[in-house]
Each structure stands twice: as C-alpha cells, then as structure tokens.
Protein chains: 2
Amino acid sequence: MSRLDSFIRRMQAQRSCLNHAAELVRELPGHVLEFGLGNGRTYDHLRGLLPERNIYVFDRQINAHPDCVPPGDRMFLGDFQETLPQAVAQLGATAVLLHADCGTGDDAANRVLADALTPSFVKLAKSGAVLIADRAINAGEFEPLPLPADVSAGRYFMYRRV
Amino acid sequence: MSRLDSFIRRMQAQRSCLNHAAELVRELPGHVLEFGLGNGRTYDHLRGLLPERNIYVFDRQINAHPDCVPPGDRMFLGDFQETLPQAVAQLGATAVLLHADCGTGDDAANRVLADALTPSFVKLAKSGAVLIADRAINAGEFEPLPLPADVSAGRYFMYRRV
Ligand SMILES: C[S@@+](CC[C@H](N)C(=O)[O-])C[C@H]1O[C@@H](n2cnc3c(N)ncnc32)[C@H](O)[C@@H]1O
Ligand code: NI
Ligand code: NI
C-alpha cells in the first residue's frame, strides 16, 4: 500500500467517522469543537453536516482555504495548551461533538499532545458527547464506540463521553 | 459537496490516472518524471507501480516524508523554469510517463505555470508517452486520452504524446 493509498483511506475513515458522529449527536443539543483547523477540510465538512450548530475551532494559526475560515468569535487562536483551558472556562461541558485531528508527522509528539489535551476534552464534553480522534484517547470518561463498517480498527477513533 | 469530499475525489482521480497510465506505458521503455514532489505521496505510488523505472522528480524544495525522498541523482531541485530546461538537455525525449501536479491554491497562477511548462513537457516526452496533469495541457503534440471510468471530466487530465 502506497502512502497515497493510505492517505486516501485515512481521509475516508475521517469522513465516515464525522458522518456517523453527526448522526449520533443529531438529537443532543450542544456545540461542536474542532481541534486542528489545518486547511479547513473537516471544518467545512462538519458545518455542512451540522449547519445549525456553533462550531468552535482551535489552532495555532489560520492556514485554511479562505472559504473555510471560521468567524473570529468561534476561533480559539494559539497553542492548544493555552486555548483549551480558556475554552473550558468559557464554554464548560457544552460540547456534543469533539474532533481532534491535531497530528503532525511526529508520532511520539502526537501521543504526548493527545495525552496532554485529554483532561480538557473530558471537561469540555457533555455527557453523551461523541469524541473522534486521529489517535487513541485514554480516559475512563471516554468509552470506545464501534467504528463505522468501512473504517479499520486503529485508523481513526471514536468515543462516547459517559 | 464539502472540501473534504472534493479532496477525497481528487486524490482518487489522481490515483486512478496514475494506475491507468502505468498500464499504458508498461511495454514502453523510458523514464518517469514527477513534477512536484510535495510530501511524496504520488512519488511513492509511482515507484510502487513501476519499480524498475528511473523516476526523476522536480521540486523547488524537499518537503517529503523521509521515506519518500528520491535519490539525489534523480532529483531536479529548484524552480521548474530552471530545472526543466536542464532536464531537457540531460534527458532529451526519454520520458514515457509524466505527472504534473504543480498546483497551488491560485488557479490563475496555475494556468500560467502549466502553459509555461508545456513546451518542456513536449520536449521531454517520447512518442507514445502518457502525460497526466492536474489541469488541461494545451499543445497539439498531446492528444487527450479517455479518463478511467471512475474519474469525472475536468477532475484530472490525461494525454498521449503523438
Ligand atoms: C492535521 S492538521 C488538521 C487538518 C484539518 N482537520 C483538515 O481537515 O484540514 C493539524 C493542525 O493542528 C494544529 N496544531 C498542532 N499542534 C498544535 C498545538 N499544540 N496548538 C495549536 N495548534 C496545533 C496545526 O497547526 C495544524 O493546523
Ligand atoms: Ni513515517
Ligand atoms: Ni478556492
């Protein structure tokens, strides 16, 4: 499998998980949180799936396609380690869908980052919220959810906040 | 269709065209030219499809995944406008598969770049060579080829060097 193949599978897995999560939270009022704007592809997909929700977006910088830049009052700009505590203070446990796609090329750093952010994810997620992540999240408050049928184990991760 | 959807379709179209082109040139001896290394995903795919070929790669800089960096003697590093004439001088019309994925976010600039590079593509392509590109190529020497069944018109482009 080439890197092109595995990249396509990863994007498809990401999309399937976002689509599935949107169905799971459709009846549950609350916000959407996107950790990692990047070029705004998954943000654009999420706002199409859940057009009536507030989507708060976190990133160090805005590098997105001009059409995919969130409104300024929904953007937490800066390092996650600083903006997540701000969001906890501002929003509390009001999120029903959280998507963490914060990865860079460095697997070890990604693991450390995910573990550092997990306590904030716990505080931001309302009971019943769905968390989707590009890597495993280790917290008793997040119970693994079955993945959509077309997503292989380990390619993307889904949890339900107890 | 979200930007995530259209991105996935573009990657799939690119892969289908590369796969199809590799079959078309399988019996035709010659080199492969990759214009735009980027993170090396299509380079990795091409070397899997055609492991026995020399693949020459052109980019301004090396930003690829460490596993996807071509050998130094197959890399033309610098602005296309300088490296393509060098390649014409060094290689002549010896390429049987050319993949031009040079696009940035700017459509008008991409059009200008494609037109500026086309005369070099003509000189580098052996008769019978297949050119795949992320935008239309306008030259009488390149006749449009039918796209693979799963690729919509205008999503990717394929030509045969007369
Ligand atoms: C893989 S990209 C996100 C891609 C996005 N989901 C998309 O579909 O386009 C990861 C993003 O996380 C951001 N990021 C990584 N570590 C960060 C940190 N510690 N603080 C803030 N942003 C960070 C990067 O700037 C990058 O834009
Ligand atoms: Ni790697
Ligand atoms: Ni655009």
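**Exercise 1. Describe the contact between chain B and chain A in this predicted model, beginning with how many residues take part on each side.**

Solution. Start with the count of residues: 18 residues of chain B are in contact with 18 residues of chain A. Next, turn to area, where about 1800 Å² is buried between chain B and chain A, and carbon and sulfur atoms give 65% of that area. On the side of chain B, the residues that lose the most area to chain A are Arg3(B), Leu4(B) and Arg41(B), which together make up 38% of what that side buries.

Then look at the polar part of the interface, where the count is eight residue pairs in polar contact, both residues being at pLDDT 80 or more, and where the count of salt bridges is two. In a salt bridge between the two chains, the side chain of Arg15(A) meets that of Asp5(B), with 2.8 Å from N to O.

Finally, assign the side of chain B that touches chain A to its helices: helix H1 (3–25) and helix H2 (41–49) of chain B each supply at least two residues, and H1(B) gives the largest share, 10 residues.

**Exercise 2. Decide why H2(B) can be called largely enclosed by the rest of the structure, and find what covers its buried residues.**

Solution. A residue is buried when its relative accessible area is under 20%. Seven of the nine residues of H2(B) are buried, so this helix is largely enclosed by the rest of the structure. The buried residues are Arg41(B), Thr42(B), Tyr43(B), Asp44(B), His45(B), Leu46(B) and Leu49(B). Their cover includes helix H1 (3–24) of chain A, together with H1, strand E1 (31–35), strand E2 (55–59) and strand E4 (95–100) of chain B.

**Exercise 3. Work out for Leu117(A) and for Val69(A) whether each is buried or partly exposed, and describe the surroundings of each.**

Solution. Take Leu117(A), which lies in helix H4 (residues 107–124) of chain A. Its relative accessible area is 2%, and because this is under 20%, Leu117(A) is buried. Leaving aside residues up to four places away in sequence, Leu117(A) touches Phe80(A), Leu84(A) and Cys102(A). The C-alpha atoms of Leu117(A) and Ala100(A) are separated by 9.5 Å, the two residues being 17 residues apart along the chain.

Now take Val69(A), in the loop between strand E2 (55–59) and strand E3 (75–77) of chain A. Its relative accessible area is 33%, and because this lies between the limits of 20% and 50%, Val69(A) is partly exposed. With Ile62(A) and Leu77(A), Val69(A) makes a nonpolar surface patch of about 230 Å².

Methods. Residues are numbered from 1 along each chain as its sequence is written. Chains are lettered from A and ligands numbered from 1 in the order in which they are written. This is a predicted model: local features need pLDDT of at least 70, side-chain atom pairs count only at pLDDT 80 or more; totals for chains, interfaces and linings use all residues. Side-chain values use heavy atoms; hydrogens and water are left out. Patches are made of residues with over 30% relative accessible area and no salt bridge: like charges are joined within 9 Å, nonpolar side chains (Val, Leu, Ile, Met, Phe, Trp, Tyr) within 5 Å. Accessible areas come from the Shrake-Rupley method with a 1.4 Å probe; for residues, only the protein chains shown count as cover. A salt bridge is a side-chain nitrogen of Lys or Arg within 4 Å of a carboxyl oxygen of Asp or Glu. Helices (H or I, at least four residues) and strands (E, at least two) are DSSP runs, numbered from the N terminus. Buried means under 20% relative accessible area, exposed over 50%, partly exposed in between (1.4 Å probe, protein chains only). Contact means heavy atoms within 4.5 Å. Buried area is the accessible area (1.4 Å probe) that two parts lose on being put together, summed over both. A polar contact is a pair of N or O atoms within 3.5 Å; within protein, one must be able to donate a hydrogen and the other to accept it, and residues adjacent in sequence count only if both atoms are side-chain atoms.
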